[in-house]
Amino acid sequence: GPRPCLFSQEELISEREQRGVFAARPGITGLAQIKDIDMSTPQLLAETDQKMLENLTMSAYFKYIFMTVSGKGAGDRVPGKE
């Protein structure tokens, strides 16, 4: 599943609840991280998490992990707070 969010990210939690994202166990990376979608855009992040879960396969998840390790994407960062 997608990366977990912080308890204080109420808007992201709400968006993910509406889309059923919390039905999946959290993971270490996801499509949002590969696409440079960070937590400053909670609706887009939750939509991307939902799309990932709807089409997720084991090989796709390992591809996301490989892409994350190799430096593709920088999601989950908040611009200006690196």
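View 1. Arg 16 is buried, at a relative accessible area of 2%. Buried here means under 20% relative accessible area, exposed over 50%, and partly exposed in between (1.4 Å probe, protein chains only). Asp 49 is buried as well, with a relative accessible area of 0%. The two side chains meet in a salt bridge, 2.6 Å from N to O. The pair links distant parts of the chain: Arg 16 is in helix H1 (residues 10-18) and Asp 49 in helix H3, 33 residues apart. A salt bridge is a side-chain nitrogen of Lys or Arg within 4 Å of a carboxyl oxygen of Asp or Glu. By this rule the count is 3 salt bridges. Helices are DSSP runs (H or I, at least four residues), numbered from the N terminus.

The model is predicted: local features need pLDDT of at least 70, side-chain atom pairs count only at pLDDT 80 or more, and totals for chains, interfaces and linings use all residues. Residues are numbered from 1 along each chain as its sequence is written, and side-chain values use heavy atoms, leaving out hydrogens and water.

**View 2. The network of Glu 15, Arg 19 and Glu 47.** Salt bridges link these three residues in a network. Glu 15 pairs with Arg 19, with the closest N and O atoms 2.5 Å apart. Both Glu 15 and Arg 19 are buried. The side chains of Arg 19 and Glu 47 also meet in a salt bridge, at 3.4 Å from N to O. Arg 19 lies in the loop between H1 and helix H2 (31-34) and Glu 47 in helix H3, so this pair ties together parts 28 residues apart in sequence. Glu 47 counts as partly exposed, because its relative accessibility is 26%.

**View 3. Helix H3 and its buried side.** The 13 residues of H3 should span 18 Å at 1.5 Å a residue, and the end C-alpha atoms are 18 Å apart, which agrees. The expected span is 1.5 Å times one less than the number of residues. Pro 42, Leu 45, Ala 46, Thr 48, Asp 49 and Met 52 are buried in H3. They cover an arc of only 160° around the axis, so they sit on the same side of H3. The arc is that of the directions from the helix axis to the C-beta atoms. Lys 51 and Glu 54, on the other side of H3, are exposed. The buried residues of H3 pack against H1, H2 and H4, where contact means heavy atoms within 4.5 Å.

View 4. The largest nonpolar core has 7 residues: Cys 5, Leu 12, Ala 32, Ile 37, Met 39, Leu 45 and Ala 46. Apart from it lies another core of 6 residues, among them Ile 34, Met 52, Ala 60 and Tyr 64. A nonpolar core is a set of buried Ala, Val, Leu, Ile, Met, Phe, Trp, Tyr and Cys residues joined through side-chain atoms within 4.5 Å.

View 5. Thr 57 is found between helix H3 (42-54) and helix H4 (58-69). At 41% relative accessibility, Thr 57 is partly exposed. Its side chain makes a polar contact with the side chain of Ser 59, at 3.3 Å. A polar atom of the Thr 57 side chain also lies 3.1 Å from the backbone nitrogen of Ala 60. A polar contact is a pair of N or O atoms within 3.5 Å; within protein, one must be able to donate a hydrogen and the other to accept it, and residues adjacent in sequence count only if both atoms are side-chain atoms.

Technical notes: Helix = DSSP H or I, 4+ residues; strand = E, 2+ residues; numbered from the N terminus.
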